[in-house]
Amino acid sequence: MEHERSAIIELAKNGKTQKEILKLLNIPANRRKFVYRTIRRYNETGEVCDKARSGRPPSVTTPALQKLVRERIRRNPRRSMRKMAQELKVSESSVRKIVKVNLGMRSFRRKRVHFLSEQVKVKRLQRCKGQLRRHVNHDIKKIVFSGEKIFTIEEALNPQNDRIISHKSSTIDPDLKYVPRVQKPLSVMVWAGISAVGRTPLIFVPAGVKINSTTYRDLILEPIVKNLSQTMFNGGSFVFQQDGAPAHTSDVTQTWLQSNIPCFIEKEQWPPYSPDLNPMDYSVWSILESRVCAKSHKSIDSLKRKLREEWEKIPQDVLRAAVEALPGRISSVIHDKGGYIE
């Protein structure tokens, strides 16, 4: 701790800002107050050492306990702080204080992601470099990003963050406490596309219809995509993006696109297994779902009405921000050599 204070003062004397000091010394952001207080104390007293404090020293969060907690986390970072407190026979708040304040750590949720083999990572890396060059040479505002998603009539539930405040669990209204689920809820597949300057209408795939090359052409490409130059870009050019679904990458679809869409991202150009690079997947669909499925619907017609209504209510600024985030995400994939970025 003492050598950190000395290093902070030396950097401050050399004109470095607090933000630069945090970065240069690799100090976690949650300890930025430590940097501020060290500099302030030096300016006030001319001393580097910590001030003498009144009161007794910590009796629980001792260096010995800190070492025990650090070693347990090193051996198994998936440890529960509650269970660790029980094993060490101390309060949970003491363990949390050690983890957050003394060790400068915090807990992160594990995430379910696509499996990426080494071959897929290589393809993602190579194609992301190509897409980054495309964004340099072409205005990203001219790209139309598309995708499909299945919506059900059931209420969406985020088990991590969807909470109810109450004195007791037993006093909560069952209609609030429980989110009913059935084995095969009624659902509808929806297709849509966005750009930084506009959006397509929502296209609902009829029940029982499988999206293959023919239905994709008849339902989406011919009536919607073919006319985007007029409906979204006032007669100007655009670039059409789609993911690697079989109906999108089939020879029939690729041939149709070559004949009807002057510029589109071909199947050999878009990174595989990359919902993290499509604004529809990493942003827009979740926004729409949170608005539409805040509560359950009684019928598919009710779900469709709400989808149309909320789709038009999403501000264009939100869609533009989702699109403009893409180059940074592509750069992150390149930095991580084709690996996960979220």
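Q: Which helix does Lys-304 lie in?
A: Lys-304 is part of helix α14, which covers residues 300–313. Bear in mind that this is a predicted model.

Q: Buried, exposed or partly exposed? What about Lys-304?
A: Lys-304 has a relative accessible area of 22%, so it counts as partly exposed. The limit for buried is under 20%.

Q: What does Lys-304 touch, leaving out residues up to four places away in sequence?
A: Lys-304 touches Val-188 and Phe-204.

Q: And how far is Lys-304 from Phe-151, C-alpha to C-alpha?
A: The C-alpha atoms of Lys-304 and Phe-151 are 9.3 Å apart. In sequence the two residues are 153 residues apart.

Q: Staying with Phe-151, where is it?
A: Phe-151 sits in strand β1, residues 143–152. Its relative accessibility is 0%, so Phe-151 counts as buried.

Q: How many aromatic pairs turn up in the whole structure?
A: The search finds two aromatic pairs. In one of them, the ring centres of Phe-151 and Trp-285 are 5.8 Å apart.

Q: Why is the pair of Phe-151 and Trp-285 called edge-to-face?
A: Because the planes of the two rings are at 70°, and planes over 60 degrees apart count as edge-to-face.

Q: Where in the chain does Trp-285 come from?
A: Trp-285 belongs to helix α13, residues 279–292. The pair links distant parts of the chain, with Phe-151 and Trp-285 134 residues apart.

Q: Is Trp-285 buried or exposed?
A: Trp-285 counts as buried, because its relative accessibility is 3%.

Q: What about the rings of Phe-233 and Phe-238?
A: Phe-233 and Phe-238 form a stacked pair, because their planes are at 5°. Their ring centres are 5.7 Å apart. Both Phe-233 and Phe-238 are buried.

Q: Backbone next. What is the phi of Asn-234?
A: The phi of Asn-234 is positive, about 50°, although Asn-234 is not a glycine. Most residues other than glycine have a negative phi.

Q: Where does Asn-234 lie?
A: Asn-234 is in the loop between α10 (228–231) and β5 (239–241). At 76% relative accessibility, Asn-234 counts as exposed.

Q: And Lys-337, what is its phi?
A: Phi of Lys-337 is near 55°, again a positive value in a residue other than glycine. Lys-337 is found in the segment after α16 (326–335). With a relative accessible area of 61%, Lys-337 is exposed.

Q: Zooming out, how many helices and strands are there?
A: The protein chain has 16 helices and five strands.

Q: What is the radius of gyration of the protein chain?
A: The radius of gyration is 27 Å, whereas a compact globule of 342 residues would have one near 20 Å. Along the principal axes, the C-alpha atoms fill a box of roughly 75 × 60 × 40 Å.

Q: What share of the residues counts as buried?
A: Buried residues make up 35% of the 342 residues. The accessible surface comes to about 21700 Å², and 51% of that belongs to carbon and sulfur atoms.

Q: And contacts: what share joins residues at least 24 apart?
A: The share is 70%, among contacts between residues at least 6 apart in sequence.

Q: Last one, on charges. How many positive and negative charges does the protein chain have?
A: There are 63 positive and 35 negative charges, and their mean positions are 7 Å apart.

Key. Residues are numbered from 1 along each chain as its sequence is written. This is a predicted model: local features need pLDDT of at least 70, side-chain atom pairs count only at pLDDT 80 or more; totals for chains, interfaces and linings use all residues. Side-chain values use heavy atoms; hydrogens and water are left out. Helices (H or I, at least four residues) and strands (E, at least two) are DSSP runs, numbered from the N terminus. The radius of gyration is taken over C-alpha atoms; the globule rule is 2.2 Å times the number of residues to the power 0.38. Buried means under 20% relative accessible area, exposed over 50%, partly exposed in between (1.4 Å probe, protein chains only). Contact means heavy atoms within 4.5 Å. Accessible areas come from the Shrake-Rupley method with a 1.4 Å probe; for residues, only the protein chains shown count as cover. Lys and Arg count as positive and Asp and Glu as negative; His and the chain ends are not counted. The place of a charge is taken as NZ of Lys, CZ of Arg, CG of Asp or CD of Glu. Rings of Phe, Tyr and Trp (its six-membered ring) pair if their centres lie within 6.5 Å; planes under 30 degrees apart count as stacked, over 60 as edge-to-face and the rest as tilted.
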